[in-house]
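This report goes through selected local features of one protein chain. Please keep the sequence and the structure in view while reading.

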Amino acid sequence: MNIIADMHVHTNYVDGENTVFEIGKAAREKGIRLLGFSEHAYIGGSEPFGIKGEELDNYINDVYTLRDMYPSEMLVLCGLEMENLSGFRYIDEFQLSQLDYLIGSTHALIKDGVDFAVDYTEEFLQEKVDSLYGGDWYALVRDYYALESKVVENTDCDIIGHFDLITKFNQGMKHFDENSDAYLEPALAAMDELLKAEIPFEINTGAISRGYRKEPYPSARLLKELKARGGRICINSDAHDMYFLGYGFNEAATLAMECGFETYTVYTPEGRKELSLY
């Protein structure tokens, strides 16, 4: 197995450790042939986060400069990870025209007028479940997947990012049973809605590299359901540190094949392509 593309990568423009150019050099040394940057688009709310305005222009310029540095060795693409709640509110038409692709993700919810991240810390999320949901994690799950089902509609994305991010702090079924109907029914309803867009769901290894999970997003159970429903996949690291570029890709590819997938999707200037996992 030789996964040559990584299309979910973050920089020090927001919450990553490295510059665009440091990441490019590391990717080249790792043998990555298609490197896609997907910095966090801006999200407002009580805890503003992400990139917009002049900083977004600078990020795009850096990625374009890197693209010109390795024209024959590595295809470099410029993308953004769009936030479901914010959509295109903070991006102008010219900036959007310079992007090669978009990842759509749900990092935050609004409940009773309170906006909160679902992936900040376990303690933070537990406090929100207690204060906003009366301790009912399945009620949180239902709200998460109800919003996740709209991520393509709200972001016009090309890739669905970490579909089951709500399980980040649920290793060992600590808070809810991911095999229960109470969990699977809203998850599969969201999956069925998103499959209408005919775009890939990413297999994301980021939570493994950061020590939160032992398997990538989506879980094996959901990947099997995705395959049975005719879905597509791509494989991304969600790296926030250049050392984690391509992290766990062999294991992710093995899992994908065990779930029945034979190809993974990449994006190029010529359009979407399917590459063999074998």
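Where is the place of S180? The residue sits in the loop between β7 (159–160) and α7. The model is a predicted one.

S180 has a relative accessible area of 16%. Because the cut-off for buried is under 20%, S180 counts as buried. Its side chain reaches the backbone oxygen of D177 at a distance of 2.7 Å.

M173 is placed in the loop between β7 and α7 as well. With a relative accessible area of 36%, M173 is partly exposed. Its phi is positive, near 60 degrees, and the residue is not a glycine.

A189 belongs to helix α7, which spans residues 181–195. At 46% relative accessibility, A189 is partly exposed. A189 and V14 are 175 residues apart in sequence, and their C-alpha atoms are 32 Å apart in space.

E198 lies in the loop between α7 and β8. Its relative accessibility is 55%, and E198 therefore counts as exposed. E198 has a positive phi of about 55 degrees, although it is not a glycine. As background, most residues other than glycine have a negative phi.

Which residues of helix α9 are buried? In this helix, which covers residues 220–228, they are L222, L223 and L226. These residues lie on the same side of α9, because they cover an arc of only 105 degrees around the axis. In general, an α-helix has 3.6 residues a turn, so residues three or four places apart point the same way.

The cover over the buried residues of α9 includes the helices α5 (137–148), α7 (181–195) and α10 (249–258). The strands β8 (201–204) and β9 (233–236) are also included in that cover.

P218 is in the loop between α8 (206–209) and α9, and the peptide bond from Y217 to P218 is cis, with omega near -15 degrees. Most peptide bonds are trans. G230 follows α9 and has a positive phi, near 85 degrees.

## Packing of α4 against α5

How do the axes of α4 and α5 cross, and within what distance do they come? The axes of helix α4 (residues 122–133) and α5 come within 9 Å and cross at roughly 95 degrees. That angle makes α4 roughly perpendicular to α5, because angles of 65 to 115 degrees count as roughly perpendicular.

On the α4 side, the residues that meet α5 are L125, Q126, V129 and Y133. Their counterparts in α5 are W137, A139, L140 and D143. By class, this contact of α4 with α5 has six nonpolar residues, one polar and one charged.

## F116 in strand β6

F116 is found in strand β6, which runs over residues 114–117. Is F116 buried or exposed? Its relative accessible area is 3%, so F116 is buried.

Leaving aside neighbours within four places in sequence, F116 is in contact with H107, A108, L109, K111, F124, L125, K128, L132, Y133 and L140. Among these, L125 and Y133 in α4, and L140 in α5, also take part in the contact of α4 with α5.

F116 and D241 are 125 residues apart along the chain, and 25 Å separates their C-alpha atoms.

Methods
Residues numbered from 1 in each chain as written. Predicted model: local features only at pLDDT ≥ 70, side-chain atom pairs only at ≥ 80, totals over all residues. Heavy atoms only, no water. Buried < 20%, exposed > 50% of the residue type's maximum accessible area, 1.4 Å probe, protein only. Helix = DSSP H or I, 4+ residues; strand = E, 2+ residues; numbered from the N terminus. Arc of directions from axis to C-beta. Contact = heavy atoms within 4.5 Å. Polar contact = N/O pair within 3.5 Å; in protein donor to acceptor, adjacent residues only side chain to side chain. Axes fitted to C-alpha atoms, helices over the stretch in contact; angles between N-to-C directions. Parallel < 35°, antiparallel > 145°, perpendicular 65-115°, else oblique. Nonpolar A, V, L, I, M, F, W, Y, C, P; charged D, E, K, R; others polar.
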